[in-house]
Amino acid sequence: MRAKHDIRTLTNRFFQGETTLGEERLLYQLYRRNDVPQDLLPYRDIFLDMAAMELAAKTIPLQKHRFSRRWLMAASVALALGLGSILLFQRSQQDECVAYIYGKKTTDPAVVMGELERSIISMKADEQQDNVESLLNEMFNME
């Protein structure tokens, strides 16, 4: 009768998260018996499965992960190279000066700036000088 009281008490404490590892192992032993109370039989499979998992965890040998360090190093190098190339590509894209003059792409900074100045001078000739300058300032964040 004492074992039945212990199994009930320990089961309740287990589901409240208050048991120690030693008490859980005792629960596994108590649920292996044939005299488990009828109302606790639905929990029997749970505790037998947990006992089996604990036994399996003890019997599976720990394997050394010598290859995982190599893979980790290789992945780190690949990640560093990938990020570096992305940053270099973005940097080169940011520094590039591009203009399309009469449908042709031009990347020569001197030509692009000369065409920009020529366009500004021709726009200033019009009466819309204030509007054009404010639009350009907004476009190039020059304010």
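Predicted model: local features only at pLDDT ≥ 70, side-chain atom pairs only at ≥ 80, totals over all residues.
Trainee: How many salt bridges does the count come to?

Mentor: The rule asks for a side-chain nitrogen of Lys or Arg within 4 Å of a carboxyl oxygen of Asp or Glu. By that rule, the count comes to 3 salt bridges.

Trainee: Which residue forms a salt bridge with D39?

Mentor: The closest N and O atoms of this pair are 2.6 Å apart, and the partner of D39 is R8. The two sit in distant parts of the chain, 31 residues apart: D39 is in the loop between helix 2 (21-32) and helix 3 (41-59), while R8 is in helix 1 (residues 2-15). Helices here are DSSP runs of H or I with at least four residues, numbered from the N terminus. So the partner is R8.

Trainee: Is D39 buried, partly exposed or exposed?

Mentor: Buried means under 20% relative accessible area, exposed means over 50%, and partly exposed is in between, using a 1.4 Å probe and protein chains only. D39 has 47% relative accessibility, so D39 counts as partly exposed.

Trainee: Which residue meets E23 in a salt bridge?

Mentor: The N to O distance for this bridge is 2.7 Å, and the partner of E23 is R13. The pair links distant parts of the chain, 10 residues apart, with E23 in helix 2 and R13 in helix 1.

Trainee: Which helices hold R25 and E54?

Mentor: R25 and E54 form a salt bridge, with their closest N and O atoms 2.6 Å apart. The pair ties together parts that are 29 residues apart in sequence, because R25 lies in helix 2 and E54 in helix 3.

Trainee: How many residues make up the largest nonpolar core?

Mentor: A nonpolar core is a set of buried Ala, Val, Leu, Ile, Met, Phe, Trp, Tyr and Cys residues joined through side-chain atoms within 4.5 Å. The largest one includes I7, F14, Y28, F47 and M50. Helix 1, helix 2 and helix 3 each supply at least two residues.

Trainee: Leaving aside its neighbours within four places in sequence, which residues is M50 in contact with?

Mentor: Contact means heavy atoms within 4.5 Å. With neighbours within four places left out, M50 is in contact with F14 and Y28.

Trainee: How many aromatic pairs does the count come to?

Mentor: Rings of Phe, Tyr and Trp (its six-membered ring) pair if their centres lie within 6.5 Å; planes under 30 degrees apart count as stacked, over 60 as edge-to-face and the rest as tilted. By this rule, the count is 5 aromatic pairs.

Trainee: What is the angle between the planes of F15 and Y43?

Mentor: Their centres are 5.0 Å apart and the pair is tilted, with 50° between the planes. F15 in helix 1 and Y43 in helix 3 are 28 residues apart. So the angle is 50°.

Trainee: Is F47 buried or exposed?

Mentor: F47 forms an edge-to-face aromatic pair with F15, at 6.1 Å centre to centre and 70° between the planes. F15 is partly exposed at 45% relative accessibility. At 0%, F47 counts as buried.

Trainee: Which elements give two or more residues to the nonpolar patch?

Mentor: Patches are made of residues with over 30% relative accessible area and no salt bridge, joining like charges within 9 Å and nonpolar side chains (Val, Leu, Ile, Met, Phe, Trp, Tyr) within 5 Å. Here M113, L116, M139 and F140 form a nonpolar patch on the surface, with about 390 Å² of accessible area together, by the Shrake-Rupley method with a 1.4 Å probe, where for residues only the protein chains shown count as cover. The elements giving two or more residues are helix 5 (109-124) and helix 6 (129-140).

Notes. Residues numbered from 1 in each chain as written. Heavy atoms only, no water.
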